[in-house]
Amino acid sequence: MHRIIYRVVLLLAISIGLIACNQNDKKISGWEINDVYHSTIITPNSVTGGKTYQGPPINSMDENNTYQMFSLRAEQPKQGAKSYELVAQLTYFSQWRYYDSASQEGVPASTFKVVGREAGACGDRGCIFREVLSVQLTEAFLKDRMKKGFIMTVSSKSGIKTELFVPPQYIQGYMQAVNGPN
């Protein structure tokens, strides 16, 4: 009984999120640089002595009814260089897509990784599927894209491609949070 209630609540929550993001705009205004800066969460790692920098999520919906929630994340060890990644959670209905590769503006990403996959509740529209993906990025790449942003295209075995647009204002605010204001 509890399982059915859980599935119905999960389905409703995801449906509301999908409806809310249906008309998402890819433009972010200049004042949002400051919002990204202040919304980036910096967490100390007591085990390694380093820090984790988690950018705020970008939420959107594409033409294939894929709910996209993605953000930048960086790990800074106690000593050494920071490592950056784009982490994306893609949620959709119907059947598994099995995302298996990514490209940055036409160039294949060599560090694509599937973090996890799970199936959720099933209803009239089909079952809910979620895939969490990660692509490593370099600091030089992010600094180079601070003026124009970038598009990461994620491809699936089923032939569906999903584009994730990271706007320049997001990168600027995030890099200010990670490296301090320049």
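**Note on the aromatic, charged and disulfide contacts**

1. Y99 is buried, its relative accessible area being 0%. Buried here means under 20% relative accessible area, exposed means over 50%, and partly exposed covers what lies in between, using a 1.4 Å probe and protein chains only. Y92 is buried as well, at 1%.

2. **What you are looking at.** This is a predicted model, in which local features need pLDDT of at least 70, side-chain atom pairs count only at pLDDT 80 or more, and totals for chains, interfaces and linings use all residues. Residues are numbered from 1 along each chain as its sequence is written, and side-chain values use heavy atoms, with hydrogens and water left out.

3. **Overall make-up.** The protein has 182 residues, and buried residues make up 40% of them. Its secondary structure comes to 4 helices and 11 strands. Both kinds of element are DSSP runs numbered from the N terminus: helices are H or I with at least four residues, strands are E with at least two. How far apart in sequence are the residues that contacts join? Among contacts between residues at least 6 apart, 58% join residues at least 24 apart. A contact means heavy atoms within 4.5 Å.

4. **Aromatic pairs.** The count is 6 aromatic pairs. One of them is Y92 with Y99: the ring centres are 6.3 Å apart and the planes stand at 70 degrees, so the pair is edge-to-face. The rule takes rings of Phe, Tyr and Trp (its six-membered ring) whose centres lie within 6.5 Å; planes under 30 degrees apart count as stacked, over 60 as edge-to-face, and the rest as tilted.

5. The charged end of R97 sits over the Y92 ring, 4.1 Å from the ring centre. This term requires NZ of Lys or CZ of Arg within 6 Å of the ring centre and within 35 degrees of the ring normal.

6. **A pair within helix α4.** Look next at Y170 and Y174. Both lie in helix α4 (residues 168–179), 4 residues apart, about one turn of the helix. Y170 is buried at 2% relative accessible area. Y174 is buried too, at 0%. Are their rings stacked or edge-to-face? The centres are 6.5 Å apart and the planes are at 5 degrees, so Y170 and Y174 are stacked.

7. **The β8–β9 hairpin.** Strand β8 (residues 112–123) and strand β9 (residues 126–137) pair in the antiparallel sense over 9 bridges. Pairing requires that DSSP finds at least two bridges between the strands. The two strands form a hairpin with 2 residues between them. G123 has G126 in β9 as its bridge partner.

8. **One disulfide.** How many disulfides does the structure hold? There is 1, between C122 and C127, with sulfur atoms 1.8 Å apart. The cut-off for a pair of cysteine sulfur atoms is 2.5 Å or within. The link of C122 and C127 is right-handed, with 95 degrees about the S-S bond. C122 is exposed, at 52% relative accessibility.

9. Side chains of opposite charge can pair when their charged atoms come close. E131 and R117 meet in a salt bridge, at 2.9 Å from N to O. This pair links distant parts of the chain: E131 is in strand β9 and R117 in strand β8, 14 residues apart. The term needs a side-chain nitrogen of Lys or Arg within 4 Å of a carboxyl oxygen of Asp or Glu. Is E131 buried or exposed? E131 is buried, at 0% relative accessibility. R117 is partly exposed, at 36%.

10. **The other salt bridges.** The total count is 7. E85 forms one with R73, the closest N and O atoms being 3.6 Å apart. That pair also links distant parts of the chain: E85 lies in strand β5 (residues 83–94) and R73 in strand β4 (residues 67–76), 12 residues apart. E85 is buried at 14% relative accessibility, whereas R73 is partly exposed at 26%. R73, E75 and E85 are linked in a network of salt bridges. D144 forms a salt bridge with R145, with the closest N and O atoms 2.5 Å apart. R145 counts as buried, at 14% relative accessibility.
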